[in-house]
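Hi,

Here is the structure I promised to pass on. Have a look at it first, then read my notes below with the picture open beside you.

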Amino acid sequence: MAEQVARLASERAVVVFTKSGCCMCHTVTTLFGELAVSAAVHELDKEPLGREMERELARRLYGGGRAGPAVPAVFIGGNLVGGTSKVMAMHLKGELVPMLKSAGALWL
């Protein structure tokens, strides 16, 4: 399953794994939309292997230690950035836009 997640995570400059109906997932995807970033969005509850991918994302996010939500999981340039709190913190610090530019997701 790790290969599947890695393949999907590298298909575009920005990839977001979400679940339909998740308000935090909506917040993150809306932010990228407002920044004019065309992110690939994968709703795990609509994917045939969604549960397995969700477990893999949780493993990557939390390393098998503490538990937490596996979605949203944001990849930029094929690298796992994190979830909502990490993305929003980077945006507020002014770190998100330069990262998006570096990954080729923004041309401003």
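This is a predicted model: local features need pLDDT of at least 70, side-chain atom pairs count only at pLDDT 80 or more; totals for chains, interfaces and linings use all residues.

**Helix α4**

Now step back into the helix itself. Which residues of α4 are buried? They are T84, V87 and M90. Around the axis they cover an arc of only 140 degrees, so they sit on the same side of α4. There's a handy rule behind this: an α-helix has 3.6 residues a turn, so residues three or four places apart point the same way. Turn to the other side of α4 and you'll find S85, L92 and K93, which are exposed.

What do the buried residues of α4 pack against? Their partners are α2 (23-34), β3, β4 (79-82) and α5 (96-102).

Take T84 as an example. This residue belongs to α4, which runs over residues 84-93. T84 has a relative accessible area of 12%, and the cut-off for buried is under 20%, so T84 counts as buried. If you ignore its neighbours within four places in sequence, T84 is in contact with M24, V28 and P72.

**Helices α1 and α3**

One last thing to look at. When two helices pack, we describe them by the angle between their axes and the distance between the axes. For α1 (residues 2-9) and α3 (residues 50-62), the angle is about 80 degrees and the axes are 9 Å apart. Angles of 65 to 115 degrees count as roughly perpendicular, and α1 and α3 are therefore roughly perpendicular to each other. On the α1 side the contact is made by A2, Q4, V5, A6 and L8, and on the α3 side by M53, E56, L57 and R60. Sorted by class, the contact of α1 with α3 has six nonpolar residues, one polar and two charged.

Happy browsing!

Technical notes: Residues are numbered from 1 along each chain as its sequence is written. Side-chain values use heavy atoms; hydrogens and water are left out. Helices (H or I, at least four residues) and strands (E, at least two) are DSSP runs, numbered from the N terminus. Buried means under 20% relative accessible area, exposed over 50%, partly exposed in between (1.4 Å probe, protein chains only). Contact means heavy atoms within 4.5 Å. Axes are lines fitted to C-alpha atoms, for helices over the stretch in contact, and angles run from 0 to 180 degrees between N-to-C directions. Angles under 35 degrees count as roughly parallel, over 145 as roughly antiparallel, 65 to 115 as roughly perpendicular and the rest as oblique. Ala, Val, Leu, Ile, Met, Phe, Trp, Tyr, Cys and Pro count as nonpolar, Asp, Glu, Lys and Arg as charged, and the others, Gly among them, as polar. The arc is that of the directions from the helix axis to the C-beta atoms.
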